[in-house]
Each structure stands twice: as C-alpha cells, then as structure tokens.
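User: Please go through this model with me. I would like each label set against its definition.

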Amino acid sequence: MMTSSLWGLSSAEIEALLLSFRISMVAVVSALPFAIIVATLLTQRHFRGRVIVDAIVHLPLILPPVVMGYLLLISFGTRAPLGHWLLTQWDIRLVFSWTGAALAAAIISFPFQVRSIRLALESIDPGLYQAAATLGAHRIDRFISITLPLALPGIIAGATTAFAASLGEFGAIITFVSNIPGETRTLPLAIYTAIQTPGGELAAARLAGLSIVLAFLGLLGSEWAMRHIRKREHS
C-alpha cells in the first residue's frame with residue numbers, strides 16, 4: 001500500500017479521512033435548518049402531541065445506531081417503496097452511497113443540534129420579544145433580529161457536536177451503506193477494517209489517535225467560537 005507523507009497515513013486512510021469530513025459537513029449543514037425549526041417549535045409552540053414529537057426527535061439517541069441503519073435500509077433501499085420511487089423518478093440512490101452515509105449521520109446527530117439550540121432559545125428573555133412586538137416587529141423580524149443572534153452560541157455548539165458525532169458514527173452507516181472503499185468507508189469504518197486485517201493494529205491505532213485529536217480540536221473550536229461570540233455580544 002502506498003504511503004503518504006501526511007501524518008504517515010496511507011492514501012486509503014487519507015481517502016477515508018476526507019470522506020468523513022465530506023459526509024459530516026453535508027450531514028450537519030443539511031440538518032441544521034430543520035434543527036433550528038424543530039427547536040423553535042418545541043420551545044415556543046404548545047400543541048397536542050408535543051411530547052411525542054420531542055420523543056421522536058430524540059429517539060436516535062436511545063436506539064442502537066444499527067437499528068437506525070436498518071430502518072433506513074428498509075425505507076430507502078432500492079426495493080423499498082420510497083427508495084424505489086427515488087431511484088426511478090429522480091435517479092437518487094441512497095443505499096451503498098456516500099449520500100446515504102450523510103443521511104444516516106444527519107439523523108443520528110440531529111438530536112444534538114436540536115437539544116443545544118433549544119437550550120439556547122429557552123435562555124432568551126421573553127421580554128425581548130414583547131418589547132420588539134410593541135415596537136411593531138413582526139414574527140419573522142423578531143426571529144431574524146432576536147432569536148437567531150442570541151441563539152448563535154447554541155447553534156454553533158450544536159453544529160460542532162453534531163459534526164463530531166457524525167465523524168464517529170459507525171453502526172448506522174455500515175448497516176445502511178456498507179463498508180465500500182472510497183464511497184462509504186469513513187474513519188470509523190477504516191479503523192474497523194484495519195482491526196479485521198492481519199497486521200493492521202498499527203494502522204488502527206494511528207487512525208484511533210487521529211479520531212481523538214479531531215474530537216479534541218472540535219471541542220476546543222466550539223468553546224473558542226462561543227467565547228468569541230459572547231465577548232462580541234457584551235462589547
């Protein structure tokens with residue numbers, strides 16, 4: 001196997017690393033708008049079945065990731081009604097593809113974004129909304145000028161946590177899209193492959209160490225961003 005000079009990683013390992021970044025970024029960015037909407041509804045709306053909706057949103061935190069992968073497989077597989085319709089009508093195939101891995105990562109990490117954003121929204125003083133309404137600000141104006149800026153630390157924290165969780169997702173991805181080199185083999189799957197390969201202990205340890213470093217850097221980056229935003233708000 002050809003070795004690269006980047007941290008001593010092989011070309012296949014670098015491929016898995018870059019694919020992990022790609023999948024995690026797509027998963028977080030695509031899920032973030034929905035997370036903001038759901039968190040806002042759960043915070044500011046009182047409706048029948050709210051508890052059930054809240055439970056469904058957080059269900060991926062409780063269910064084994066393999067179960068979520070299986071549910072995705074029977075829903076979006078090429079022989080499943082929805083998956084077959086997407087394939088025949090729109091030529092979209094999620095199973096055994098990196099886009100399917102992004103979908104799995106987005107669903108698994110979605111509760112992290114919703115929970116963090118919801119906590120940020122709940123900490124906003126309701127008097128600010130009342131004052132803005134008194135001044136004639138409409139609901140959308142209040143959302144853009146008050147909600148989003150004040151919830152920004154929670155949004156960043158949620159997105160960062162979800163990104164880190166997506167980088168580490170294994171069960172749902174391998175169940176739904178398998179372990180295909182260059183297509184669905186992310187960093188955790190590369191570690192699993194190295195463990196299953198004779199003489200792959202060193203590669204597994206190297207990739208595991210890289211995963212720890214990435215998670216640590218993600219936490220530091222999230223903390224720095226939140227502190228920077230808080231300083232700007234108080235300046």
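**Labels and their cut-offs**

Analyst: Of the protein's 235 residues, 40% count as buried, meaning under 20% relative accessible area with a 1.4 Å probe and protein chains only. This is a predicted model, in which local features need pLDDT of at least 70 and side-chain atom pairs pLDDT 80 or more, while totals for chains, interfaces and linings use all residues. Residues are numbered from 1 along each chain, and side-chain values use heavy atoms, without hydrogens and water.

User: What makes up the secondary structure of the protein?

Analyst: There are 10 helices and 0 strands. Helices are DSSP runs of H or I with at least four residues, strands runs of E with at least two, numbered from the N terminus.

User: Where is the kink in α1?

Analyst: At Leu-32, shortly before the proline Pro-33, with a bend of about 40°. The bend is the angle between axes fitted to the seven residues ending at a residue and the seven starting there.

User: Which residues make the contact between α1 and α2?

Analyst: Val-38, Leu-42 and Thr-43 of α1 meet Arg-50, Val-53, Asp-54 and Val-57 of α2, where contact means heavy atoms within 4.5 Å.

Definitions and conventions. Buried means under 20% relative accessible area, exposed over 50%, partly exposed in between (1.4 Å probe, protein chains only).
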